[in-house]
Amino acid sequence: MSAYIPVALRREVSDFYSHCCAYCRTAECLTVAIFEFEHITPRSAGGETTFQNICLSCPTCNRFKADRTEVVDPVTQRQVPLFHPHRDAWHLHFQWNQDATELIGLTATGRATIAALRINRRQMIQVRQM
(Lines give C-alpha, C1' and ligand atoms only; values in the text may rest on other atoms or scores of the structure.)
Protein backbone atom coordinates (compact mmCIF):
# COMPACT_ATOMS: atom_id res chain seq x y z
CA MET A 1 0.00 0.00 0.00
CA SER A 2 1.35 3.43 -0.86
CA ALA A 3 1.51 6.20 1.69
CA TYR A 4 -0.49 9.36 1.30
CA ILE A 5 1.81 12.22 0.38
CA PRO A 6 0.28 15.67 0.82
CA VAL A 7 0.02 17.83 -2.30
CA ALA A 8 2.29 20.52 -0.82
CA LEU A 9 5.02 17.93 -0.13
CA ARG A 10 4.65 16.51 -3.65
CA ARG A 11 5.07 19.99 -5.09
CA GLU A 12 8.09 20.73 -2.88
CA VAL A 13 9.82 17.46 -3.86
CA SER A 14 9.07 17.91 -7.58
CA ASP A 15 10.43 21.45 -7.52
CA PHE A 16 13.52 20.41 -5.53
CA TYR A 17 14.40 17.82 -8.18
CA SER A 18 13.46 20.18 -11.04
CA HIS A 19 10.92 17.62 -12.24
CA CYS A 20 13.73 15.13 -12.96
CA CYS A 21 14.42 11.67 -11.57
CA ALA A 22 16.66 11.95 -8.50
CA TYR A 23 18.64 8.91 -9.67
CA CYS A 24 19.00 8.95 -13.47
CA ARG A 25 18.29 12.69 -13.87
CA THR A 26 15.83 12.09 -16.71
CA ALA A 27 13.39 14.96 -17.16
CA GLU A 28 9.77 13.94 -16.68
CA CYS A 29 8.75 16.04 -19.71
CA LEU A 30 10.94 13.85 -21.96
CA THR A 31 9.05 10.68 -21.11
CA VAL A 32 5.50 9.44 -21.40
CA ALA A 33 5.63 8.21 -17.81
CA ILE A 34 4.31 9.92 -14.71
CA PHE A 35 7.10 10.13 -12.17
CA GLU A 36 6.62 8.72 -8.68
CA PHE A 37 7.37 9.84 -5.16
CA GLU A 38 9.76 7.29 -3.75
CA HIS A 39 10.60 6.60 -0.11
CA ILE A 40 14.41 6.53 -0.08
CA THR A 41 14.41 4.49 3.12
CA PRO A 42 11.40 2.24 2.54
CA ARG A 43 8.41 2.47 4.81
CA SER A 44 8.90 -1.25 5.49
CA ALA A 45 12.28 -0.35 7.03
CA GLY A 46 10.88 2.51 9.10
CA GLY A 47 11.22 5.26 6.49
CA GLU A 48 8.90 8.18 7.09
CA THR A 49 6.91 10.28 4.66
CA THR A 50 8.99 13.43 5.08
CA PHE A 51 10.82 15.72 2.68
CA GLN A 52 14.17 14.23 3.77
CA ASN A 53 13.01 10.72 2.83
CA ILE A 54 11.04 11.35 -0.37
CA CYS A 55 12.47 11.87 -3.83
CA LEU A 56 11.10 12.09 -7.33
CA SER A 57 11.82 8.96 -9.33
CA CYS A 58 11.04 7.73 -12.79
CA PRO A 59 8.98 4.54 -12.61
CA THR A 60 11.84 2.37 -13.90
CA CYS A 61 14.39 3.56 -11.33
CA ASN A 62 11.75 3.19 -8.65
CA ARG A 63 10.93 -0.40 -9.67
CA PHE A 64 14.57 -1.46 -9.86
CA LYS A 65 15.34 0.17 -6.51
CA ALA A 66 12.30 -1.41 -4.85
CA ASP A 67 12.90 -1.58 -1.10
CA ARG A 68 16.69 -1.84 -1.31
CA THR A 69 19.08 0.56 0.39
CA GLU A 70 22.24 -1.46 -0.33
CA VAL A 71 23.43 -3.34 -3.41
CA VAL A 72 26.61 -4.96 -4.71
CA ASP A 73 29.29 -2.82 -6.36
CA PRO A 74 30.05 -4.56 -9.69
CA VAL A 75 33.78 -3.82 -9.33
CA THR A 76 34.52 -4.83 -5.74
CA GLN A 77 31.60 -7.27 -5.30
CA ARG A 78 30.94 -5.70 -1.88
CA GLN A 79 27.64 -4.48 -0.47
CA VAL A 80 27.49 -0.69 -0.56
CA PRO A 81 24.74 1.83 0.08
CA LEU A 82 22.65 3.00 -2.83
CA PHE A 83 22.88 6.68 -3.67
CA HIS A 84 20.76 8.69 -1.23
CA PRO A 85 19.37 11.70 -3.11
CA HIS A 86 19.10 13.93 -0.04
CA ARG A 87 22.29 13.02 1.80
CA ASP A 88 24.72 12.33 -1.03
CA ALA A 89 26.10 14.90 -3.45
CA TRP A 90 25.25 13.64 -6.95
CA HIS A 91 28.40 15.07 -8.56
CA LEU A 92 30.65 13.15 -6.15
CA HIS A 93 29.20 9.80 -7.23
CA PHE A 94 28.38 10.33 -10.91
CA GLN A 95 29.48 12.11 -14.04
CA TRP A 96 28.20 12.08 -17.60
CA ASN A 97 30.19 10.55 -20.44
CA GLN A 98 31.43 12.77 -23.28
CA ASP A 99 28.05 13.13 -25.04
CA ALA A 100 25.98 13.13 -21.81
CA THR A 101 24.10 9.95 -22.68
CA GLU A 102 25.56 7.56 -20.10
CA LEU A 103 26.32 7.94 -16.42
CA ILE A 104 29.71 6.92 -15.10
CA GLY A 105 30.07 5.85 -11.48
CA LEU A 106 32.87 7.65 -9.68
CA THR A 107 32.50 5.69 -6.43
CA ALA A 108 31.37 2.26 -5.34
CA THR A 109 27.98 3.77 -4.49
CA GLY A 110 27.78 5.41 -7.91
CA ARG A 111 28.73 2.22 -9.77
CA ALA A 112 26.36 0.09 -7.70
CA THR A 113 23.46 2.51 -8.14
CA ILE A 114 23.96 2.67 -11.91
CA ALA A 115 24.04 -1.13 -12.13
CA ALA A 116 21.17 -1.85 -9.74
CA LEU A 117 18.80 0.75 -11.22
CA ARG A 118 19.94 -0.04 -14.77
CA ILE A 119 20.40 3.65 -15.34
CA ASN A 120 22.30 3.17 -18.61
CA ARG A 121 19.65 0.95 -20.17
CA ARG A 122 19.34 1.29 -23.93
CA GLN A 123 15.99 3.09 -23.86
CA MET A 124 17.29 5.80 -21.50
CA ILE A 125 20.38 6.37 -23.60
CA GLN A 126 18.08 6.94 -26.58
CA VAL A 127 15.99 9.44 -24.58
CA ARG A 128 19.15 11.28 -23.53
CA GLN A 129 20.30 11.47 -27.15
CA MET A 130 17.22 13.58 -27.85
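Leaving aside its neighbours within four places in sequence, which residues is R121 in contact with? The answer is C58, T60 and C61. Before I go on, please keep in mind that this is a predicted model.

Let me stay with R121 for a moment. This arginine is found in the loop that runs between α4 and α5, the latter being residues 122–129. R121 is buried, yet it has no salt bridge. The nearest side chain of opposite charge is E36, and that one is 11 Å away. As a reminder, side chains of opposite charge can pair when their charged atoms come close.

Now to the charged residues that do pair. A search of the whole structure finds 3 salt bridges. I will take them in turn.

One of them joins R63 and E36, with the closest N and O atoms 2.6 Å apart. R63 lies in helix α2, residues 59–65, and E36 lies in strand β1, residues 36–39, so this pair ties together parts that are 27 residues apart in sequence. Are the two partners buried or exposed? R63 counts as exposed, at 54% relative accessibility. E36, on the other hand, is buried, with a relative accessible area of 19%. The cut-off for buried is under 20%, so E36 falls within it.

Another salt bridge is formed by K65 and E38, and here the closest N and O atoms are 2.8 Å apart. K65 is in helix α2 and E38 in strand β1, so this pair too ties together parts 27 residues apart in sequence. Both K65 and E38 are buried.

That leaves D73 and R111, whose closest N and O atoms are 2.7 Å apart. D73 sits in the loop between β3 (70–72) and β4 (79–81), while R111 belongs to helix α4 (residues 108–116), so the pair ties together parts 38 residues apart in sequence. D73 counts as buried, at 0% relative accessibility. R111 counts as partly exposed, at 24%.

Which residues are buried in α4? They are T109, G110, A112, T113, I114 and A116. What covers them includes α2, β3, β4, α3 (90–93), β5 and β6.

Take T113, which is found in this helix. T113 is buried, with a relative accessible area of 0%. If we do not count residues up to four places away in sequence, T113 touches Y23, L82, F83, F94, R118 and I119. One of those, R118, follows α4 and has a positive phi, near 50°.

Next, the nonpolar core. The largest one has 29 residues. Which of its residues touch the most other members? Those are V13, C21, Y23, C61, L117 and I119. The elements that give two or more residues to this core are α1 (7–16), β2 (54–57) and α4.

One last residue, for contrast. A100 has its place in the loop between β5 (94–96) and β6 (103–105). A100 is partly exposed, with a relative accessible area of 37%. How far apart are the C-alpha atoms of A100 and R43? They are separated by 34 Å, and the two residues are 57 residues apart along the chain.

That is all I have for today.

Definitions and conventions
Residues numbered from 1 in each chain as written. Predicted model: local features only at pLDDT ≥ 70, side-chain atom pairs only at ≥ 80, totals over all residues. Heavy atoms only, no water. Salt bridge = Lys/Arg side-chain N within 4 Å of Asp/Glu carboxyl O. Helix = DSSP H or I, 4+ residues; strand = E, 2+ residues; numbered from the N terminus. Buried < 20%, exposed > 50% of the residue type's maximum accessible area, 1.4 Å probe, protein only. Contact = heavy atoms within 4.5 Å. Core = buried A, V, L, I, M, F, W, Y, C linked by side-chain atoms within 4.5 Å. Lys, Arg positive; Asp, Glu negative; His and termini not counted.
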